[in-house]
Every structure is written in structure tokens, then in C-alpha cells.
Amino acid sequence: MNDQPRPYGGVDGARRVEQRRESLIEAGLELMGSPEPELTVRGVCKQAGVAARYFYESFADRDALMSAVYDSVVTDIAISTQAAVDTAESEHDKALAGIANIVHTIARDPRRGRLLFSTALTSPILANRRRDSTMAFVGLLAGNATTFYRLGNSRQLTLTATFMVGGLAQTLSAWLDGYIDVTEEELVSDCAAILLAPSMNQQD
């Protein structure tokens with residue numbers, strides 16, 4: 001018996017499965033990234049315009065969808081941020097490009113920022129994902145830290161990168177919540193200056 005989805009309306013069956021999965025991930029982001037997040041299988045299917053039976057062709061349960069939504073957002077930001085850093089030349093420009101990409105991304109789509117930083121999302125699944133993504137961003141920053149901060153010691157690299165990533169996350173969360181009243185460009189400039197401060201001290 002052939003369990004493969006059949007073509008319909010000129011669209012390959014496998015592609016239709018992928019389209020439904022993409023719609024569910026987008027719907028999950030919409031619900032999880034709202035000011036008052038609530039995610040249920042019924043709710044996400046309604047948001048995506050997908051029959052509930054199709055949910056389980058892509059996801060085992062609600063937690064699997066939450067993980068997929070979070071991973072999608074983090075992967076996109078990590079890739080675009082590294083690309084922005086790679087295209088810049090000086091230390092200052094690299095720091096500015098990395099911060100600018102993250103800030104502009106969450107400013108254009110606050111759902112992403114709330115998903116990454118909001119304290120309203122307390123699921124153990126997201127807590128684990130946030131821990132893992134924090135370490136991924138620590139690794140990303142540490143990869144540039146030898147140039148930024150002239151640190152060769154792995155302990156110093158890890159400590160500095162962890163401190164910077166954690167501080168940036170709290171700052172972005174506070175900005176999204178309105179506790180820090182600065183413009184988008186001021187936030188980019190000020191965060192870049194803080195990120196580069198240890199490098200400037202090394203030169204003194």
C-alpha cells in the first residue's frame with residue numbers, strides 16, 4: 001500500500017506536506033509570539049487554516065511544534081547575523097553589523113523577539129531551547145572574540161562571550177517590553193559600544 005501523499009491541484013504530495021508544515025510553523029510563531037501567548041493544537045490549526053488531522057503528519061505533539069518554531073527563528077537569526085558579520089571589515093563594523101542584524105530582525109518582527117526573550121513563555125521545552133541557543137550564540141561570539149577582545153584563553157573566551165550574550169538578551173527583552181526607552185538605531189549603537197568596550201580597554 002502506498003502511504004505517500006498524492007499530487008493534488010498540480011502540486012506534488014510531498015510539497016503539499018511541506019507547505020502545510022510551513023503554515024503550521026508560521027501559525028505557531030504568530031501564537032507564541034503574541035503579547036499573550038497561548039498555543040494549542042486546535043488553535044494553531046485554526047490559525048494556519050489546516051485541518052487538525054494534518055497536524056500530526058509533521059509534528060508528534062504540541063511540544064514538537066514549539067521546538068520547530070523556536071529552532072526556525074534561531075537558525076534564521078544565527079545565519080543572517082554571521083553573514084552580516086562576515087561582510088564587515090573592521091572590528092567596529094563587525095560588532096555593529098551583528099548587533100544591527102539582531103535588533104532590526106526583532107524590530108521588524110517583534111514576534112521573534114518575544115519568542116526568544118519573553119518571560120511569558122515558560123514552557124520547559126522553550127527553556128531547554130533557550131539554553132541551547134544561548135550556548136550557540138556564545139560560540140558564535142567566541143569565534144570572533146580572539147579578534148574583538150584579544151583573548152586566547154578558552155576560559156576567558158567563554159566567560160566573556162557568555163556575559164555579553166546574556167547581557168544582550170536581557171537588554172533586548174527590556175527594550176521590547178518598553179523598559180528601555182531608546183530608538184532602534186540608538187539601541188544598535190549603544191549595544192555595539194558596550195560589546196566593543198573590552199576591546200578598547202585592551203588597547204589602552
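User: What percentage of the residues of the chain count as buried?

Analyst: This is a predicted model, in which local features need pLDDT of at least 70 and side-chain atom pairs count only at pLDDT 80 or more, while totals for chains, interfaces and linings use all residues. Residues are numbered from 1 along each chain as its sequence is written, and side-chain values use heavy atoms, with hydrogens and water left out. Buried means under 20% relative accessible area, exposed means over 50%, and partly exposed is in between (1.4 Å probe, protein chains only). The chain has 204 residues, and the share that counts as buried is 40%.

User: How many helices and how many strands does the chain have?

Analyst: Helices (H or I, at least four residues) and strands (E, at least two) are DSSP runs, numbered from the N terminus. Along the sequence the pattern reads α-α-α-α-α-α-α-α-α. The count is 9 helices and 0 strands.

User: What share of the contacts in the chain with a separation of 6 or more comes from residues 24 or more positions apart?

Analyst: Contact means heavy atoms within 4.5 Å. Among contacts with a separation of 6 or more, residues 24 or more positions apart account for 60%.

User: Are α4 and α5 roughly parallel or antiparallel to each other?

Analyst: Axes are lines fitted to C-alpha atoms, for helices over the stretch in contact, and angles run from 0 to 180 degrees between N-to-C directions. Angles under 35 degrees count as roughly parallel, over 145 as roughly antiparallel, 65 to 115 as roughly perpendicular and the rest as oblique. The axes of α4 and α5 are 8 Å apart, and the packing angle is about 150°. The two helices are therefore roughly antiparallel.

User: Is the crossing of α4 and α5 left-handed or right-handed?

Analyst: A crossing is left-handed if the near helix is turned anticlockwise from the far one by less than a right angle, and right-handed if clockwise. Residues that meet here include Ile77, Ser80 and Thr81 in α4, and Ala97, Asn101 and Thr105 in α5. The crossing of α4 and α5 is right-handed.

User: Which residues does Asn101 touch, not counting residues up to four places away in sequence?

Analyst: Asn101 is part of helix α5, which covers residues 91-108. Its relative accessibility is 16%, so Asn101 counts as buried. With the sequence neighbours left out up to four places away, Asn101 touches Ile77, Ser80, Thr81 and Ala84.

User: Which residues does Thr105 touch, not counting residues up to four places away in sequence?

Analyst: Thr105 is also placed in helix α5. Thr105 counts as buried because its relative accessibility is 10%. Outside the four places on either side in sequence, Thr105 touches Ile77 and Arg112.

User: How is α4 oriented to α6?

Analyst: Helix α4 spans residues 62-87 and helix α6 spans residues 110-117; their axes come within 10 Å and cross at roughly 110°. That angle makes α4 roughly perpendicular to α6.

User: Which residues in α6 meet α4?

Analyst: α4 passes α6 in a left-handed crossing. On the α4 side, the residues that meet α6 include Val69, Tyr70 and Ile77. Their partners in α6 are Arg112, Leu115 and Leu116.

User: Which residues do ring pairs link into a cluster?

Analyst: Rings of Phe, Tyr and Trp (its six-membered ring) pair if their centres lie within 6.5 Å; planes under 30 degrees apart count as stacked, over 60 as edge-to-face and the rest as tilted. The whole structure holds 2 aromatic pairs: Phe55 with Tyr56 is edge-to-face, at 5.0 Å centre to centre and 75° between the planes, and Phe55 with Phe59 is tilted, at 5.6 Å and 45°. Phe55 is buried, at 0% relative accessible area, and Phe59 is buried, at 3%. The cluster consists of Phe55, Tyr56 and Phe59.

User: How far apart in space are Leu195 and His92, C-alpha to C-alpha?

Analyst: Leu195 lies in helix α9, residues 184-203. Leu195 counts as buried because its relative accessibility is 11%. In sequence Leu195 and His92 are 103 residues apart, and in space their C-alpha atoms are separated by 9.3 Å.
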